Amino acid sequence: MRKVVAGTGFHSLSISREKLWIASGAVVAVMLLAGCSGSDGNKEPGVDSVEESTGTESRSGDGADAEVDDLESGRPQLRMDTSAIEELRMTQGYLQCLKDQGVKVSKGGTKLEGGDPDLLWWPNGDMAADHPDAEKKCLGKKPLQPPETDPKKNPNYMGDYADWIACMNKKGFKVDPLPNGGGWNYKAGTTPPRNADQIDQECMIEAFSEE
C-alpha cells in the first residue's frame, strides 16, 4: 500500500501532516485507493444479491468487511485535528514494535515542540515494502488515519479531496492533485510557505468536515 518515492515532491493524504515537513530525505507515498480494485464490476460491495447457482441470498463484501474490522480493531484512531505531538505519542507502540522487529528506529521527540527526547521517531522508508514481516506483526499498533480521509469510508471522498486541494492553493500553498485522489505534488517552480503544514491541516479539516 505504501511505496517510497525519493525526491519527487509527491505527498499522500494520509501521511502525517507535520511529519511531512520535518522528516528527512525520503518521501512516503500512500496510495489510498489500493485495495479498491478487484471487486466484481457488476456488484457493489455490501449489496444483497442472489446466487444463481444455489438460489440462496448472500451479501457481497461481508467477508472483506469483517477482515477489515479485524485489522482495525483496537488500533489508535487519529483525528483530523490531532496535533503532531499527539500523533507521535499515539504511534509509540507501533514504532517500538518495529524496533523490536529489527527495524532501525531512532529517537526524535525533540523535533516537535513539547516533545520528550525519549520519544521514538518515524523511520524512513516504506515499512510494507521494506520490512513486510515487521509491518504485518506491528499493524495492530499502527494508528488509523481519520475516517473522513479514507475513500473506503467516505462516499464523498473525491469531492472533499478536490475542495482540500483548492483550499491549499487559494491560501498560497501551491500543489497539483493526483488524478486518483491519492495525494499531491508541489506545483513546479514554487516554494512551500513556512506555514505549509498549518495550511494543509486547516484545509483538510475544512474540506473533509461534515457540513
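## The whole chain

Begin with a cartoon view of this predicted model: the secondary structure of the protein consists of 8 helices and 7 strands. Next, display the surface of the protein, whose accessible area comes to about 11800 Å². Carbon and sulfur atoms account for 49% of that accessible surface. If contacts are drawn between residues at least 6 apart in sequence, 61% of them join residues at least 24 apart.

## The disulfides

Now select the bonded cysteines. How many disulfides does the structure hold? There are 2 disulfides, and with bonded cysteines counted along the chain they follow the pattern 1-2, 3-4.

Select Cys-97 and Cys-138, which are joined by a disulfide with an S to S distance of 2.1 Å. This link connects distant parts of the chain, with Cys-97 in helix α4 (residues 92-100) and Cys-138 in helix α6 (residues 132-138), 41 residues apart. Viewed along the S-S bond, the link of Cys-97 and Cys-138 is left-handed, at -85°. Are these two cysteines buried or exposed? Cys-97 counts as buried because its relative accessibility is 9%, and Cys-138 is buried at 0%.

Move on to Cys-167 and Cys-203, a disulfide whose sulfur atoms lie 2.1 Å apart. Cys-167 belongs to helix α7 (residues 157-170) and Cys-203 to helix α8 (residues 196-208), so the pair ties together parts that are 36 residues apart in sequence. The link of Cys-167 and Cys-203 is left-handed, with -70° about the S-S bond. Both Cys-167 and Cys-203 are buried.

## The aromatic rings

Show the side chains of Phe, Tyr and Trp next. A pair of aromatic rings is described by the distance of the centres and the angle of the planes. The count for this structure comes to 7 aromatic pairs.

One of them is formed by Tyr-157 and Tyr-161, a stacked pair at 6.1 Å centre to centre with 20° between the planes. To find it, remain on helix α7, where Tyr-157 and Tyr-161 both lie, 4 residues apart, about one turn of the helix. Tyr-157 is buried, with a relative accessible area of 3%, and Tyr-161 is buried as well, at 4%.

For another geometry, select Phe-173 and Trp-184. Why is this pair edge-to-face? The ring centres of Phe-173 and Trp-184 are 5.4 Å apart and the planes stand at 80°, and planes over 60 degrees apart count as edge-to-face. Phe-173 lies in the loop between α7 and β6 (175-177), while Trp-184 lies in strand β7 (residues 183-186), so the pair ties together parts that are 11 residues apart in sequence. Phe-173 is buried, with 1% relative accessible area; Trp-184 is likewise buried, also with 1%.

As a last stop, select Tyr-157, Tyr-161, Trp-164 and Phe-208 together. Ring pairs link these residues into a cluster, which includes the stacked pair of Tyr-157 and Tyr-161.

Terms used:
Residues numbered from 1 in each chain as written. Predicted model: local features only at pLDDT ≥ 70, side-chain atom pairs only at ≥ 80, totals over all residues. Heavy atoms only, no water. Disulfide = S-S within 2.5 Å. Helix = DSSP H or I, 4+ residues; strand = E, 2+ residues; numbered from the N terminus. Buried < 20%, exposed > 50% of the residue type's maximum accessible area, 1.4 Å probe, protein only. Contact = heavy atoms within 4.5 Å. Areas by Shrake-Rupley, 256 points an atom, 1.4 Å probe, with all protein chains shown as cover. Phe/Tyr/Trp six-rings, centres within 6.5 Å; stacked < 30°, edge-to-face > 60°.
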